[in-house]
Every structure is written in structure tokens, then in C-alpha cells.
Amino acid sequence: MIGNEGPGPRTVVRFAGDSGDGIQVLGGEFAKAVAMEHHDLLTLPDFPAEIRAPAGSTFGVSAFQIQFGGDGVLTPGDEADVLFAFNPAALKTNLDTLKRGGVIVVDTDAFSPRNLKRAGYAVNPLEDGSLSEYRLMSMAITHLTAEAVAPTGVGRKQAGRAKNFWSLGLSLWLFGGDRAPTIQWIESKFSSMPDVVASNVAALNAGHAYGETMELDAGDAALGVNAELHHGVFRTITGTDAMGLGLAAVAALSGLKLTYSSYPITPASALLHFLASLKGRGIVTFQAEDEVAAITAAIGTSYAGGLGVTASAGPGLSLKTEALGLAVAVELPLLVIDVQRAGPSTGMPTKPEQADLNLALYGRHGEAPLPVLAPATPSECFRIMIEAARIATTYMTPVIVLSDAYIANAAEPWELPDTDALPPIAPAFRSDPAGFEPFTRDPETLARPWAKPGTPALAHRIGGLERADGSGNISYDPENHQRMTDLRAEKIARVAEQGLEHEIDSGATSGDLLVIGWGSTYGAIEDAVSGLTRAGFSVGHLHLRQIWPLPANLGAILARFGNVAVAEMNRGQLARLIRSEFLVDARSITQTSGQPFKVGTIEAALRDLLDGLPRPRSQIG
Amino acid sequence: MNQVIKLTPKDFETDQEVRWCPGCGDYAILKSMRKTLSEVGRNPDDVVVVSGIGCAARLPYYLETYGFHSIHGRAPSLATGIKLANPELDVWVVGGDGDFLAIGGNHLTHILRRNVDVNLILFNNAVYGLTKGQFSPTSIPGTRSPSTPDGSVDPPVNPATLALGGNGSFVARTADTLQDHLPEVLLRAHAFVGAAFVEVLQNCIVYNDNAFGDLTSKRHRAENTVIVRHGEPMLFGADNDRGLIYEPVRGEFRVTGNASEASLHDETNWALAAALARVNDPDLPTPLGVFYCAPREDFVSAREDLIPYTPLSPGDLKDLLYTDSWRA
């Protein structure tokens, strides 16, 4: 064993209840309080597509998981140390996420015969000894909340709604956390409803007091270990909000008027909501009549000298593909975000998957190459959007950014960048009529000029019919089509020359096994590789942020390792790309369950691979 | 951007060879558009002509303005994006009946209800030309075509009725060969702030020749059409000696031989406009002209009034980022 230190103590807490119980608010506020205590953390909401499924049903259970503790928390955790189950259905559907010996907190009031039956329990699991492997903390949360809020005079309905704040108060007692930020949040959120503020704050305080009075403790789970976060300014951020702020940064850095044009679809709509909340600052939002209108309006925006942005999930990206081909053909900048969800067809709209990679890479008729980027973490969405805009405007090309339902919804602390140090984006609009032709090219980038309508003496026509190299006039000339096809491919290939730098993210920089990932699998692969490295294996992790064109030095990195594995939430789409581009025997580790990889799953798969190797190669250099 | 400059139709010719079939009605529409553009006084550099796919959609290549020949049916949404980026541009959207009413029917209704400030020119020849003669959404039932050798069954859509039903605020109809009336309607459409929808009955000489011959030929025109103008009596006939009387209860018309009895056209009356648009009676002349014109705030202006776009400064960005932040 090599004596690397493992990660510091960490705690995983999972809240589960009816989708109307306010589980996501409870989780979000808990995460904020935990972050303020200087813990590193990562959260994962896990909710159904149904807005208000029948109360007590198993398919209506909404959950929120958070891992927190010392530095380097990269996943929401494989297993929960503590599970809050607010009704029998939540217990039933979430018990397998709890580790043996873990703590279960239940609201006994919700374990009524009716709810037990709805959840499919013949006998009350709180009474039949079936939970003996766990530490059960039973309390009448509904009654205790009602008593706590009674002095504020609110009705039964509001008293019921305050249960999540009572539970938050208890959680802050169990794990240590300040109630003040939550109280502030309640006061501002419900500022027009003083009785709601009073009842929620009363519930919060009562939950905290209950834990204190009953001297409850979460045992080993209540660690209270602080992260060694270095000095800096942080905020807790989801992938959706980081992406929205990234687009705001693009507007500020480029001076371009951004139009975000989209059609409502889970899980991409949250980005539309975030950008709409900016109220016209830097970005115009447009809710189009369908996915095709959304992308074509975005293309129109870029044509007219703004920057068009559109987003969707897989079903929407499928609809946008013809227009993407148009953007490739007329060579206009465009940002297209795909917040991937489990497919095919409607699939599982709230669950993550990475199975749209082939669609992003190849989903257009004709030879229509375009760059594809993928953020690895929620906070990374910020810089990836800036990079996408830089590529789009530098090379006059649409760019696809692949996020997923996990990155979009997960939250983590983010050390805020120095806005003065962000790279400028300098769109070069053509204004000089001398020698102007719409399809002449920059010798370095091969980009065509961006000549926006309204510019004197540059009137010209563009379109989807093949354009003559230079003049852009309609051309059926065979040699011209060959040349234009080659030029479009070469232009995208050149993106790699100035593209994102890639090096080993962690572990061995050369040796037996290179594990390649992309997108939201980052944390799980990091932790798996870190575990294997501590166990003495020669394993490195490389995470691709730029999937097309592949990083210029990828071949050199691959050559430093004896074996290559690719872990991804599909059936091996990146693995096939790596195989076809480099003729290496890349092994595939895949999962399409609608859930993020567990660290243990990847680690076990990698161990199997490593065990199957003839014998460990000695490290090179 | 709004300076008036002296231009002639010739200033709008490009160096591209026009590739429509000889005798196609599109030539006449192109001619009228060049004439209109030379008269409206906008700088050609501020004019954008957007199209989808089809014979009509080739038009941008033949106009010396900015032009975008896009994909089938989507020109209205592309134009919406252009206006969102730069509301100052003078945007024209051209397309055929397949483009506007079949594959792009959705976008047409939405640009109309939003009232985006563009001019939508429908070249209605009631047939698919570029794909070689299939029946279209405006073809009359019984149309024999390569895809309907025994005649089509589908009842047609009436473009002007659809536009009115879609909450269009400017709806007009004219025809390709009416070189006096077509530019008049185009000028009206251009002057209208909002989505101006103009249906142009257009002859396809190859696949649907003479489909509107009874309306547009010199011989029949006076008898078979009535040109309506706001505030004027609805008269027709070689000597304008007959007129239409509007029966508002049923939304129908009857012919009178006494011109002084004819009803006056009121283009702000939606019910009258709808009645005119749907006239389909061998005993009545087919109405042409501006059926409906009811100005209301255009989409981009209404948005700007509610949520004005403001560029984001680096300072604003910093404020935005550092919301809800804490120092470790």
C-alpha cells in the first residue's frame, strides 16, 4: 500500500418525502447552512417528473442527497449515513440508499395505515423489527410542527407545510449549522406573508430545540469536520445557475446582445427561468413556439449581429438538427446546450444520462462537423460557456455544450473568479467593403467574415444551398463542394490548436491504466481513481471537456498508458470515438440507470480490468 | 437609418441569373418587390429578405439587399430572431404555400399573433413547384398530381382566413400580374408596423397553369374580382357599376346593380375582413386588397417597454456573480 491519505471524514444525508413536502427547499437550505460552516459539499436532487403525484405514492417520492465534509467532496456519496424518510413510501423507495447501521429519521405521524398500504407495506416497518440493522429515530414531526406553529395562529394547511423547516432545524442541530441564513431567506422569500414567516421560523427553531432537548445525536455521522477551503469568496452554485452566469459573462465580455431562445423542456427550462430573472441585462430571453423556432430564431439573432443561444434536452436537440446543419452551412456562431436526460424518446425526463453524445457529434445530415464541449462539474459550466462563445465567434461555427440532469441540478461551493481576469471575447464584425466576399476566410482560423445586416455596402446573400468558395453564390460545381466540405472540416479541426488544454486530472501521469470520462461522471471517476491510487495501482484519470475536436495532445496522453478505459453513462459512445480515432482497445464501463455512477461501481469495474491485466507494466518516466 | 434615398428598381438587381421557369408568376412579384423597395426609401443595407425553401424562397438571391435563404418553413422564426437582435432592420419574409402553410404553418401563426414587425409575402400557387407538382395545402379538392393521381381529397386552407384567425393585425390579398395593385398592397404592408401578411395569388406555369386565370386575366379580372379599399364602396365590373352589400348577421355578401347601394369597406372591422377573406362563391367576385389593418404594438417594442434590454457591464457581472457569496 502506498501511504496516500484518504479523503477526510464525510457525511451523506438524504432527505426523502412526498413531492409536495418541500424536500428540495429543505435540502437546498441545509446545503447553504452547511456551506456557511466551511464544509465542502455536493448535492443531488432526485425528483420525479410528476409535479404533484398522489400523496403517499412511491412514484411521488422526491429526494435530495448531500455529501459534505473535508476538502474534495466530488460526488453526492454512494450511500447515505442518515436518511430522513417523511412517509412510508419514502422509506420504501430510499432504504437501499442507506448504509448498514445508518440512521433513519422518520415522521411517525405519516406512518398511518393508509400511507403504509399506499407504499405497499403489509406491516408497519417501524414495528416489525425489519429495520433492526439501522438506528431508528422516530418522532411525531407533524404533531410537533403543529404544536410549534400554533401560537402564530396559522391554519392546519400552513402548519403542515412548515414540517420541512422543523426538519431543517433538527438537521442543523444534528450536524451543526447556523439558523440565521435560513431565517433571512424565509423572511425575504415570504416577505408579503408575515404569518408564513412566523410559522416557518417557529418550526425551524422548534426542530432545533427538539434535538437539543432530547439530546439527539447522529453518532458518527455528525462529524462537524470543516473543509480546508482556502481563502476566497465562494457561493453555492448549481450547474444551471453557473451556465446562466457563464452566458451573462459572455454578454459582458463580448458586448454582444445575447438572445436565449428556447422551448420549455425538462431539465433545460430552469436555465430559461434563470436568464429571464436577469430582466434583460445582457440577455434577451425568448420562449419560442417550438424547438425548431427556438434554434432558427437564435440563428437569426447571430446573423443580425447578436449571439444566438438555445438549449434543450435530447428530444429538443433531435428537432433542432436540421437547423444546426444550416448554421454549419452558413457558418454563423451559435451556442446550443443539451441538458441530457435518460432516453430514448421521453425516457426519464428528470434523470441524467450521457447518451446524446452521438447525436451531438453526428446528428446532422451531410458532413456537418461542429465543436462539442462538456463541463465536468456544476461550477465548470461557467467557464465552458465562455469557451463555447469564444470558439463560436472566433471560428464562426455553432458549438454544442453537453450538460446533463445531474450537473444542472447538483450544487457545490464555487470559488468565484476574478471577473477582471476573465478572457475577453472580441467578435470581429466586418465593416470594410474593399474586397468583401461573404465566404472568404481568415487564413489562420478559416472563419468567414461576420457581416451583419445594416453594415453599409456589405449587402450579400447566404443560404443553405452550397455556396461558392469566396463569393458565396449558389454553386453546384463538384470541385467547389469538395473544397467547401474539406474547408468546413479543417476549420473545426483547427479549434483543437487553440482549444482547452487537457492533462491528467489525477492519479498516475503514465502507467497501467488511463480512465477517460466526460461530463458529470467527473467526481465518481476522481474518487474511484484516488481509491485505486491509494491501493497502489497505477491509474490516471483524464476528463475531456472538449470532445470534438479531440484535444490535440490526446494521442500523446494515450500513449503513456498501457491500457485505456472509458466510463460514461451510455453504451460506450465516447469509447467508440476513442477507438476509431486512435485504434486503441479502449474498454467501456457503462451505466444507463438514470442515476449517476457510484464511486464503488467504477472502482470495482476498474479493479476487474486491472486484475485482468497480464501483469502491471512498470511505470515509464 | 431612416434617411430617404433616391433609388430605382434596377438598384435592387443582383448579378445572379434568375432561375425561375420562363413565364413564372414569381418574376412579376420580384418586379413589384424591386419597385416597392425603390419607393419606400429605406437604405438597401438596412433591408433583409428571409426565405425558407421552395421556388419562391429563391427570391433573396435576386434582390440587392441582405438576404438569407434558410430551411423549409422556418423563415418566420429566423426573422423573429433577426428583429430581436436588431429591431431597426426592415425585414421581409417570402415563401410559398408549402413553406408558409404546410411545414411552416406553426411559425406563421405565431409570428402573426406576436405581431413581429415584418412583411410576410405568401406566393400562393396552390402547388409544390420545386418538388415537381404535388398538391399543396391550398390546392382545390380533386387536384390531380403525381402524389394524387386520382385527385386530392384534402379540403384547402384559406391563407387570409388563417391569418385573421391567427390574430394577424394586417391581412391582404393580391395577385402576381396585377402590377398596379400588387405594389400598392406591398407599400401598405411595408408602412404597417407589425406583422403584415400579404397573400399573392401566383401562377405556376408548369404545374398549375392558369389556376387563378379567371381572376387575373385582363378579360375576366373586372368581373371576377373586387378590389376593396378602406372607406370606399366595394365596387366591381368593367365600369364599376356593380357593388357588394355586406350582410353582417350572416357575414355574407350580395351583389347589387346599384353602385350607390354598395357597402363601404372598413379595414378595421375584423368580421367584415373575415367575411371578405372567405368568399368562395361562383356568383360573387373574389375580394382583393387590404382586408384588415388594425395596428397594435409590435412584439419587440412591447418587450422593450416591459423589460428593456441593457448591455451588461463588467461591474454588473461582478455584482451578479457575487450575489449570495461568502468569504472563507
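Visitor: Is His502(A) buried or exposed?

Guide: The general idea is to ask how much of a residue's surface a probe can reach. Buried means under 20% relative accessible area, exposed means over 50%, and partly exposed is in between (1.4 Å probe, protein chains only). His502(A) comes out at 6%, so it counts as buried. Keep in mind that this is a predicted model, where local features need pLDDT of at least 70, side-chain atom pairs count only at pLDDT 80 or more, and totals for chains, interfaces and linings use all residues. Residues are numbered from 1 along each chain as its sequence is written, chains are lettered from A and ligands numbered from 1 in the order in which they are written, and side-chain values use heavy atoms, leaving out hydrogens and water.

Visitor: Where in chain A do I find His502(A)?

Guide: Look in the loop between helix H16 (478–494) and strand E16 (506–507) of chain A. Helices (H or I, at least four residues) and strands (E, at least two) are DSSP runs, numbered from the N terminus.

Visitor: Which residues does His502(A) touch?

Guide: Contact means heavy atoms within 4.5 Å. Leaving aside residues up to four places away in sequence, His502(A) touches Leu542(A), His543(A), Leu544(A), Arg545(A), Gln546(A), Pro551(A), Asn553(A) and Ile557(A). For polar contacts we look at N or O atom pairs within 3.5 Å; within protein, one atom must be able to donate a hydrogen and the other to accept it, and residues adjacent in sequence count only if both atoms are side-chain atoms. The His502(A) side chain reaches the backbone nitrogen of Arg545(A) at 2.8 Å. A polar atom of that His502(A) side chain also lies 3.4 Å from the backbone nitrogen of Gln546(A).

Visitor: What is the strand order in the five-strand sheet of chain A?

Guide: A bit of background: strands of a sheet pair through backbone hydrogen bonds, either parallel or antiparallel. Here, two strands pair if DSSP finds at least two bridges between them. In this case the order is E16-E18-E17-E20-E21 (chain A), an open sheet with mixed pairing. E16 and strand E21 (587–590) of chain A are the edge strands, each pairing on one side only. Helix H19 (residues 573–582) of chain A packs on this sheet and touches E17, E18, strand E20 (561–568) and E21 of chain A, with its direction at about 150° to that of E20(A). Such axes are lines fitted to C-alpha atoms, for helices over the stretch in contact, and angles run from 0 to 180 degrees between N-to-C directions.

Visitor: In which sense do E17 and E18 of chain A pair, parallel or antiparallel?

Guide: Strand E17 (residues 511–518) and strand E18 (residues 539–544) of chain A are parallel, over six bridges. To spot one bridge, find Gly517(A) and its partner His543(A) in E18(A). His543(A) is also one of the residues that His502(A) touches.

Visitor: What is the order in the seven-strand sheet of chain A?

Guide: That open, mixed sheet runs E9-E8-E10-E11-E13-E12-E19 (chain A). Strand E9 (283–287) and strand E19 (546–548) of chain A sit at the edges. Strand E8 (residues 258–262) of chain A pairs in parallel with E9(A) over five bridges, and Ser262(A) stands opposite Gln287(A).

Visitor: How many helices and strands does chain A have?

Guide: Chain A has 20 helices and 21 strands. Its radius of gyration is 26 Å, close to the 25 Å that the globule rule gives for 621 residues, so chain A is as compact as a globular protein of that length. The radius is taken over C-alpha atoms, and the rule is 2.2 Å times the number of residues to the power 0.38. Of those 621 residues, 63% count as buried.

Visitor: How many disulfides does the structure hold?

Guide: A disulfide is a pair of cysteine sulfur atoms within 2.5 Å. Over all chains there are zero. Take Cys24(B): its closest cysteine sulfur, in Cys21(B), is 6.2 Å away, too far for a bond. Cys204(B) is likewise too far for a bond, because its sulfur is 6.5 Å from the closest one, in Cys24(B). Cys24(B) is buried at 12%, and Cys204(B) is buried at 9%.

Visitor: How many residues of helix H4 of chain B are buried?

Guide: Seven of the ten residues in H4 (residues 105–114) of chain B are buried, which leaves the helix mostly covered. Among them are His107(B), Leu108(B) and Ile111(B).
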